[in-house]
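Colleague: I would like to learn how to read the packing in a model like this one, beginning with the helices. Could we go through the features one at a time?

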Amino acid sequence: MTRDARSGTDASRGAFSLDTTVPDASSEGFDNFRRGWEEHVGDGFPLPNISRATIGDFRVRTRAAKVHDVAITDVHGVSAIRTDGRLGEVEDQVRMWVVRRGAWALGGGPERHEGTVSAGQFLLRHVGRPSHFETAPSTTARVVVLPATVLGPLLGNRTVTGSADSPEVRLLVAHTTMIHTVLADLGQDGAQAARGALVELAKAVASHGFDDEEPRLAPALAQAAKDLAERRLTDPDLSATTLAREFNVSVRTMQRAFAAGEESVTAYIRRRRLEEARRALGLSSGRPSVSELAAHWQFADSSHFIRAFKRRYGQTPTEYIRSARSETS
């Protein structure tokens with residue numbers, strides 16, 4: 001078992017991660033998870049009653065973070081997870097489930113089945129009372145708990161569902177990922193800003209659109225665009241225009257979001273393509289030729305690729321290969 005627990009600078013923040021999918025970890029896996037949750041996240045977000053079958057076979061990789069009245073939990077379950085037993089008292093929260101793989105069923109039993117969030121889908125709703133849930137084996141999901149005081153009136157009795165790849169959901173997921181990454185280093189003002197941006201993004205999901213002039217959302221937009229660009233680095237049409245189209249924003253808004261990080265969209269794409277090309281040049285076997293790399297990473301020709309590579313790394317690709325060989329010999 002591996003475990004990494006961190007606590008914020010005060011009780012309003014906390015985070016922990018746990019992996020019980022490794023050998024010999026699941027025997028005490030749930031107990032470790034419960035302790036981590038109660039210590040770092042549980043204040044305001046109590047755990048539901050978990051079934052004995054789940055406790056006995058708790059093979060899950062998870063991480064959780066709390067920022068004031070917001071909680072974010074990533075679940076990668078090899079085994080199924082199911083609640084049972086007595087439900088708690090009335091709870092007044094807004095919850096969002098984003099499922100990438102598997103399925104997350106809400107409600108307990110066929111008579112009280114409230115719906116299933118399938119792979120590639122999300123569900124956002126105001127929760128007025130506790131309910132059971134069950135996940136299928138090999139489910140990957142992110143669950144976000146949000147303040148009902150702000151989002152409840154916007155949602156009313158609606159349940160908002162749709163594609164997990166919608167622009168608004170991509171932005172929210174990117175922002176929650178950033179919170180997981182930087183929470184331990186955030187000061188009080190930074191934590192409050194991160195929480196505020198997350199609430200604004202949840203509003204965007206509820207209303208199927210976001211204010212692209214809202215400055216707090218620029219980091220989330222840039223990160224979501226980078227996540228998408230990473231999957232499309234070999235696409236010849238990848239550009240600020242195509243990324244802006246994917247997120248329903250203007251090219252100017254996309255460029256402004258990247259500029260906050262002191263790197264333009266074009267510079268980011270070029271840098272990442274060169275980094276991937278350099279990685280390929282370092283392979284000990286199956287190394288592509290310079291012309292193949294230039295074509296694969298969408299450089300106009302070998303000459304353009306060689307010049308860009310030398311500007312970036314101070315060496316031509318051939319010189320880089322020679323220096324790499326000398327270092328390993």
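**Reading helix packing, rings and a sheet**

Modeller: Let us begin with helix H4 (residues 167-182) and H6, whose axes come within 8 Å and cross at roughly 100°. Please keep in mind throughout that this is a predicted model.

Colleague: How are H4 and H6 oriented to each other, roughly parallel or roughly perpendicular?

Modeller: Angles from 65 to 115 degrees count as roughly perpendicular, and H4 and H6 are therefore roughly perpendicular to each other. On the H4 side the contact uses Arg170, Leu171, Ala174, His175 and Met178, which meet Pro219, Ala220, Leu221, Gln223, Ala224, Asp227 and Leu228 in H6. By class, the residues of this contact of H4 with H6 comprise 8 nonpolar, 2 polar and 2 charged.

Colleague: Which residues of H6 meet helix H8?

Modeller: From H6 they are Ala218, Leu221, Ala222, Ala225 and Lys226, and they meet Thr253, Met254, Ala257 and Phe258 in H8. The residues in the contact of H6 with H8 divide into 7 nonpolar, 1 polar and 1 charged. As for the geometry, the axes of helix H6 (residues 218-231) and helix H8 (residues 251-259) come within 8 Å and cross at roughly 100°, so H6 and H8 are roughly perpendicular to each other.

Colleague: What is the angle between helix H9 and helix H11?

Modeller: Helix H9 (residues 265-281) packs against helix H11 (residues 302-313) at an angle of about 95°, with the axes 11 Å apart. Among the residues making the contact are Arg270, Arg271 and Leu274 of H9, and Phe305, Ala308 and Phe309 of H11. The contact of H9 with H11 divides into 7 nonpolar, no polar and 6 charged residues.

Colleague: Turning to rings, how many aromatic pairs does a search of the whole structure find?

Modeller: The search finds 12 aromatic pairs, and one aromatic cluster is formed by Phe16, Phe30, Phe33, Trp37 and Phe58. A charge over a ring is another feature to look for, and here Arg170 lies over the face of Phe247, at 5.5 Å from the ring centre.

Colleague: And for the sheet, what is the order of the 4 strands?

Modeller: In general, strands of a sheet pair through backbone hydrogen bonds, either parallel or antiparallel. In this case the open sheet has the order E5-E10-E7-E8, with antiparallel pairing, and its edge strands, E5 (81-82) and E8 (115-118), each pair on one side only. Strand E7 (residues 103-106) pairs with strand E10 (residues 133-135) over 3 bridges, and Ala105 stands opposite Glu134 in E10.

How values were computed
Residues numbered from 1 in each chain as written. Predicted model: local features only at pLDDT ≥ 70, side-chain atom pairs only at ≥ 80, totals over all residues. Heavy atoms only, no water. Pairing = 2+ DSSP bridges. Helix = DSSP H or I, 4+ residues; strand = E, 2+ residues; numbered from the N terminus. Phe/Tyr/Trp six-rings, centres within 6.5 Å; stacked < 30°, edge-to-face > 60°. Lys NZ or Arg CZ within 6 Å of the ring centre and 35° of its normal. Axes fitted to C-alpha atoms, helices over the stretch in contact; angles between N-to-C directions. Parallel < 35°, antiparallel > 145°, perpendicular 65-115°, else oblique. Contact = heavy atoms within 4.5 Å. Nonpolar A, V, L, I, M, F, W, Y, C, P; charged D, E, K, R; others polar.
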